[in-house]
Amino acid sequence: MRTQVGIIGAGPAGLMLSHLLHQEGIESVVLETRSRAYVESRVRAGVLEHDTAELLRDTGVGERMTREGLVHTGVELRFEGITRRIDLSGLTNGRRITVYGQQEVVKDLIAARLAAGGQILFDVSEVTLEGIDTDAPVIRFAHEGTIRELSCLVIAGCDGFHGVSRGSVPKGALRIFDHTYPFSWLGILARATPSAHELIYAHHERGFALHSMRSTEVTRLYLQVPPHTELSDWPAARIWDELHTRLATEDGFTLTEGPILEQGVTPMRGFVTEPMRHGRLFLAGDAAHIVPPTGAKGLNLAVADVRFLAEALGTWLRQGRETGLDEYSARCLRRVWRVQHFSSWMTGLLHQPVDADEFSHRLQVAQLEYVTTSTAAATTLAENYVGLPLDWSRRR
Ligand code: APR
Ligand code: PHB
């Protein structure tokens, strides 16, 4: 097999890249270890930045998102039993966020690629990368019982944090920045009407809690828990009790319960690979970086990477100019570190630190008071939350 761009991974990064390349007239093949059903049902993130939603619309894959996604113009911060709203749109010239599950984005992109004759091979195994230092890289893999080879001009490593791409780069060629946060999130998806119209980020002395949603019938909720928390220690009644306590307000907030459809515990880490390129291999999305989920940025960062990559590949393959490819890593990393900082800042603002004492508590409350009353401080949160414009990272 032969193609222009060999894409490893059919998550949001790999699929969006394939879709954008198609629009530039560039051929690609996507290889995915999981089944189509698995990637279409895996529950992950759910908040689209303003420009992520616009990109889906502008490139013809936003129809269902426009119909079913929930547009939000603000988020709520809750602390000391009170709720304060951050007017995201009012503070950012009308920019907003769209609540739409990552697996829905994945479904829409797969449908669009297949409808356009795109090739996605699911259920592949034994994926290895060869010749990334040469100008004729090859991806070797097993599919339907045979070993196959995909020859390409470049390889896009979009295979997430646990993929093979990053590990294919020779030792010493990448610098890794890795930070483990001392807490995890226990997340549930419940068949319950959301208890508020907007997301609620709650600071509480027992730990952070988040009220989010997927639709008008499905609520997504999270609790800060210690690392290595076992789900078996958290029967449904304990989860709901803790959510009621952490989300409570002075004026009597009511959290609607419902059957739990999904649950899981996710550790929190910050991770960055530098550079995001080695020879003809370009890393994008979770394969290159992980941010803690507090800023809702993982999916959006993956999409920003592949926008840069598609543009750079377009300039190279259509005009023969390599400058975009040469700038790819630095351009992505400026945004990655900005988002890494924002996610870390949101995490620190809202989570109970391991060495929590009355002093650290007062500092957090002081900062929450400031962020929710000063226009300057609220604007900082708002512009990062709705997402900085793509060309922000072009500015030096
Ligand atoms: N070969 C082919 N595919 C692979 C391999 C491999 N060796 N290893 C992993 N994959 C696949 C995974 O099964 C997955 O479908 O690569 C895909 C990577 O997708 P994601 O993990 O969703 O990563 P990405 O596309 O970068 O999207 C980032 O995902 O984890 C969330 O919060 C994160 O929202 C962010 C988004
Ligand atoms: C989610 O709905 O899954 C979600 C929302 C906001 C976050 C993280 C996750 O910050």
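How many nonpolar, polar and charged residues does the shell around ligand 2 have?

Reply: Before the site itself, some ground rules. This is a predicted model, where local features need pLDDT of at least 70, side-chain atom pairs count only at pLDDT 80 or more, and totals for chains, interfaces and linings use all residues. Residues are numbered from 1 along each chain as its sequence is written, chains are lettered from A and ligands numbered from 1 in the order in which they are written, and side-chain values use heavy atoms, with hydrogens and water left out.

Now your count: the shell around ligand 2 has eight nonpolar, two polar and two charged residues. In that tally, Ala, Val, Leu, Ile, Met, Phe, Trp, Tyr, Cys and Pro count as nonpolar, Asp, Glu, Lys and Arg as charged, and the others, Gly among them, as polar.

Who are they? The residues around ligand 2 are Val 47, Trp 185, Leu 199, Tyr 201, Leu 210, Ser 212, Arg 214, Arg 220, Tyr 222, Pro 293, Thr 294 and Ala 296. Being around a ligand takes one heavy atom within 4 Å of it.

Let's go through the polar contacts (pairs of N or O atoms within 3.5 Å; within protein, one must be able to donate a hydrogen and the other to accept it, and residues adjacent in sequence count only if both atoms are side-chain atoms). Ser 212 has a side-chain N or O atom 2.6 Å from an oxygen atom of ligand 2. With Tyr 222, a polar side-chain atom sits 2.6 Å from a ligand 2 oxygen atom. Pro 293 uses its backbone instead: a polar atom there is 2.9 Å from an oxygen atom of ligand 2.

How covered is the ligand? On its own, ligand 2 exposes 280 Å², and the protein buries 97% of that. Those areas come from the Shrake-Rupley method with a 1.4 Å probe; for residues, only the protein chains shown count as cover. The elements giving two or more residues to this shell are β15 (209-213) and β16. Such strands are DSSP runs of E, at least two residues long, while helices are runs of H or I with at least four, numbered from the N terminus.

Two residues of this shell also meet each other. The structure holds eight aromatic pairs, meaning rings of Phe, Tyr and Trp (its six-membered ring) with centres within 6.5 Å; planes under 30 degrees apart count as stacked, over 60 as edge-to-face and the rest as tilted. One of the pairs is edge-to-face: Phe 161 and Phe 271, 4.9 Å centre to centre with 85 degrees between the planes. Both Phe 161 and Phe 271 are buried, where buried means under 20% relative accessible area, exposed over 50% and partly exposed in between (1.4 Å probe, protein chains only).

Back at our site, Trp 185 and Tyr 222 form a tilted pair, 4.7 Å centre to centre and 45 degrees between the planes. Their pairing links distant parts of the chain: Trp 185 belongs to strand β13 and Tyr 222 to strand β16 (residues 218-225), 37 residues apart. Trp 185 counts as buried because its relative accessibility is 3%, and Tyr 222 is buried too, with a relative accessible area of 13%. Ring pairs link Trp 185, Tyr 201, Phe 208, Tyr 222 and Tyr 385 into a cluster.
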